[in-house]
Amino acid sequence: MQQVTFKIPFVIAGPCAVESEDQLLTTARAVAKAGAQALRGGAYKPRTDPRSFQGLGEKGLKLLALARKETGLPVVTEVLDTRDVPLIAEYADIIQIGSRSSQNYPLLKEAARTQKPILLKRGMAMTVEEWLLSAEYLLQEGNDRIFLCERGIRTFESATRHTLDLAVVPLLKRKTNLKIIVDPSHGTGDAALVPAMAKAALAAGADGLMIEVHPHPAKALSDGKQSLDIPAFTKLMADIR
Ligand code: PEP
Ligand code: MN
């Protein structure tokens, strides 16, 4: 396991899904070189369509461990099912609770009990109050290493995948001491919009970013449209600095 050291901005980057050793290691090396502080990749994916790629499961976790060993980056990965918490906790340095799970209270409690840092995404129809109450479930287990992750909410607007609610960044700063991460990849659904919204998030006071990066976005098994390729991510990191 990797001790997670937190430096602002805390940039978490990697592919939506772990697809292969080559895909993950190529991405991991590149994001480490560009200055990311954590590698994220899904091994268990919450897909709207049950016929789409569901993730590599434990094989994906093993690849994340390999990438951590090679790059030294701590790894972030999502847990979907309470039954998988012990397995995920063996591999993850930070456990992600996704939008679709952020009001699954038994899962929140079980994940918090591992005492690993938790990346708690905002549900796509969740109010700030509900989000903070979900965080309270984690706090009640004695776990205060929480990253709240704004990833866009569902509104009437369909021109972007979701509506990235950046006003919550200063709002949450007033209400809580928890760290705030912004995910402009899911928030926009469009790689071309990601760099501007990433910078806007930092300007609003976010403590970090979660960015989807893929070596060949057009070939990605999930979320290719919103994934930056390696040159675009490298440029974003240079612009941020
Ligand atoms: C993801 O991080 O790839 C993901 C599925 O995100 P969300 O839970 O925000 O939809
Ligand atoms: Mn994704």
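**Figure 1. The manganese ion (ligand 2) is coordinated by C16 (SG), H186 (NE2), E212 (OE) and D223 (OD), at 2.0 to 2.4 Å.** Donors are N, O and S atoms within 2.8 Å of the metal (3.2 Å for Na, K and Ca), and because water is not among the atoms, sites may look incomplete. The model is predicted: local features need pLDDT of at least 70, side-chain atom pairs count only at pLDDT 80 or more, and totals for chains, interfaces and linings use all residues. Residues are numbered from 1 along each chain as its sequence is written, chains are lettered from A and ligands numbered from 1 in the order in which they are written, and side-chain values use heavy atoms, with hydrogens and water left out. Along the chain, the donors of the manganese ion (ligand 2) follow the spacing C-x169-H-x25-E-x10-D. Helices (H or I, at least four residues) and strands (E, at least two) are DSSP runs, numbered from the N terminus. C16 counts as buried at 3% relative accessibility, and E212 is buried with a relative accessible area of 0%. Buried means under 20% relative accessible area, exposed over 50%, and partly exposed in between (1.4 Å probe, protein chains only).

**Figure 2. A barrel is closed by 8 strands in the order β1-β2-β3-β4-β5-β6-β7-β8, with parallel pairing.** From one strand to the next, the twist averages 25°. Axes are lines fitted to C-alpha atoms, for helices over the stretch in contact, and angles run from 0 to 180 degrees between N-to-C directions. Two strands pair if DSSP finds at least two bridges between them. Strand β1 (residues 10-14) pairs with strand β2 (residues 38-40) in the parallel sense over 2 bridges, and I12 stands opposite A38 in β2. Helix α4 packs on the sheet, where α4 touches β4 (94-97) and β5, and the direction of α4 makes about 175° with that of β4.

**Figure 3. Strand β4 has buried residues pointing both ways.** I94 and Q96 point one way from β4, whereas I95 and I97 point the other way, and all are buried. Strand β3 (residues 75-78) runs parallel to β4 and is joined to β4 by 3 bridges. In this pairing, E78 stands opposite Q96 in β4.

**Figure 4. R122 forms salt bridges with E150 and with D165.** A salt bridge is a side-chain nitrogen of Lys or Arg within 4 Å of a carboxyl oxygen of Asp or Glu. The structure holds 15 salt bridges. Between R122 and E150, the closest N and O atoms are 2.9 Å apart. This pair links distant parts of the chain, with R122 in the loop between β5 (118-121) and α5 and E150 in strand β6, 28 residues apart. R122 counts as buried at 4% relative accessibility, and E150 counts as buried at 0%. In the salt bridge of R122 with D165, the closest N and O atoms are 3.0 Å apart. D165 lies in the loop between β6 and α6 (168-175), 43 residues from R122.

**Figure 5. E141 and R113 form a salt bridge, their closest N and O atoms being 3.0 Å apart.** The pair links distant parts of the chain: E141 is in the loop between α5 (128-140) and β6 (146-150), and R113 is in helix α4 (residues 105-113), 28 residues apart. E141 is partly exposed, with a relative accessible area of 21%, and R113 counts as partly exposed at 44%. Salt bridges that share partners join E110, R113 and E141 into one network.

**Figure 6. V194, A198 and A201 are buried in helix α8 (residues 194-203).** These residues cover an arc of only 60° around the axis, which puts them on the same side of α8. The arc is that of the directions from the helix axis to the C-beta atoms. The buried residues of α8 pack against β7 (179-182), α7 (184-188), β8 and α9 (230-240); contact means heavy atoms within 4.5 Å. Just after α8, G205 takes a positive phi of about 110°.
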